[in-house]
Structures are given as C-alpha cells and as structure tokens.
Amino acid sequence: MKRKNLKCSIIVPVYNEKDTILSIIEKLKNGSINKELIIVDDFSTDGTREILEKIKNQKIKVIYHNRNRGKGEAIRSGLQYVTGNVVIIQDADMEYKPEEYPRLLKPIEEGKACVVYGSRFRGKGEFVFSSLVANKILTFLTNLFYGSRLTDMETCYKCIETQVINGLNLHSKRFDFEPEVTAKLLRKGIKILEVPISYKGRSTKGGKKIGFWDGLQAIWTLVKWRVK
C-alpha cells in the first residue's frame, strides 16, 4: 500500500563534531522532504555543545546527555522524541549525503518496504581500507548467521518506519546499534531493501571514532541476537 504524507524524523547522534555540525544541519534544513530534526549531543567536549546551544529553531530539537553514553544510547534517546512515521539515522560528519534521502524514502512511499538501507557498496563508496575490510566481514557474518543477502549492514543510512523500530526493544549503547537493529529486523522476518548511496569515509585521524574493539562488539552482538 502506498504511503502519503510521510513525515521523516531525522535523528543525529553527535559527539565532538564541531567542524561539521553546522554544515550537516544546514544540509538537513535545506532538504525538501517533510521532516523534523532531532539532535542528540552525547556530552561533546570540543565546543560542539556550545554551538548547538546557540540554535534557535522550533523545527530542531536538541537533547543533551550529561555524560558520554555512546551512539546507540544517543539514538535511543532521540527515539523518545520522534513524531514522524519514518526514522532516518544521520551521522554528524560529512561522510553521507542527505540529498539522497528521497532515494531512501521512495520504496516506503511506494509501499514496497518498511525498512530501507543505503548501501555504500551498491553506490559510490570511498572507504579507508581497514574500514572496507571490517564492513565486508561484518556484512558477511550477518548474511551467514541470518540468511540475508545484504551488501552493507554497517551503513549509517537506515530508514525505518517508526512503528517498526519502536517494536525492536533496542538495548545497544555504542556502535552495536547497527548489528542489533539489523539482527532484530531479520529475526522478525522483516524485509530490508537496499538502495545505492554515496559515501566518502574518513580515517581515525580525520575524526572517525569506531575502532577495532567496536568491530569485536559488533560480532558478539550478531552472535548474541542469533542465539537468544
């Protein structure tokens, strides 16, 4: 069934992104889709919080954590304020392009899916080598454990109907959000449709925060939700 008048709730988990936060907000504000913007500052210490405190816009909700709790908890905090019928996760860096939201939303509008992932491997993805390898391994394990055919489990761009994501009972605290939400969707038999997106990855020196131990946590999360 086709969906009309979609309202998209964009959740932006933020931690120490003072150099990009205003640029990403400007891109999100300028998009043509019906939306609300929910920014969750995960106790930034580099000046990001001070930048956010100056924002005066009724269409932008800013939430502040009183300690650093991780990306997963930031997303879960944001979900409490969602009023739209579709949720999109947006990192606060400039690796992804919000201009591609219509591509993510189209299958939902047409009633073809209730969950859409933006695949960097089906589109134009520029990866740091270590990140490329890690993403390939985690996606392979996801497909192995859950019988899926995904190309990019770890993508940030997950577009999910609100009622679906609220029904997953998420527990993730850090970067284990990606494998947890994917595992729970697949266990429920929910189809994940992928569309190609653009991506320009950054290195650890460039500000990327996910690391080796997060990769191990992702593997454990995939195993845990497979056997529970």
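## Sheet and helix packing

In this predicted model, helix α7 (residues 177-187) lies across β4, β5 and β6 (158-161) and runs at about 45° to β6.

The sheet itself is open and has seven strands, in the order β3-β2-β1-β4-β6-β5-β7, with mixed pairing. Because β3 (60-64) and β7 (193-200) stand at the edges with a single partner strand each, one side of each has no neighbour in the sheet. Direction ignored, neighbouring strands of the sheet are turned by 20° against each other on average.

For β7, strand β5 (residues 115-126) is a parallel partner, and the two are joined over seven bridges. Within this part of the structure, Lys124 is placed opposite Ser198 in β7.

Helix α3 (residues 71-79) also packs on the sheet, where it touches β1 (8-14), β2 (35-41), β3 and β4 (86-89). The direction of α3 makes about 145° with that of β1.

A further contact joins two helices. The axes of α5 (residues 129-146) and α8 (residues 212-227) come within 10 Å and cross at roughly 10°. As angles under 35 degrees count as roughly parallel, α5 is therefore roughly parallel to α8.

| Helix | Contact residues |
|---|---|
| α5 | Leu138, Leu141, Thr142, Phe145, Tyr146 |
| α8 | Gly215, Ala218, Ile219, Leu222, Val223, Trp225, Arg226 |

By class, nine nonpolar, two polar and one charged residues form the contact of α5 with α8.

Definitions and conventions
Residues are numbered from 1 along each chain as its sequence is written. This is a predicted model: local features need pLDDT of at least 70, side-chain atom pairs count only at pLDDT 80 or more; totals for chains, interfaces and linings use all residues. Side-chain values use heavy atoms; hydrogens and water are left out. Two strands pair if DSSP finds at least two bridges between them. Helices (H or I, at least four residues) and strands (E, at least two) are DSSP runs, numbered from the N terminus. Axes are lines fitted to C-alpha atoms, for helices over the stretch in contact, and angles run from 0 to 180 degrees between N-to-C directions. Contact means heavy atoms within 4.5 Å. Angles under 35 degrees count as roughly parallel, over 145 as roughly antiparallel, 65 to 115 as roughly perpendicular and the rest as oblique. Ala, Val, Leu, Ile, Met, Phe, Trp, Tyr, Cys and Pro count as nonpolar, Asp, Glu, Lys and Arg as charged, and the others, Gly among them, as polar.
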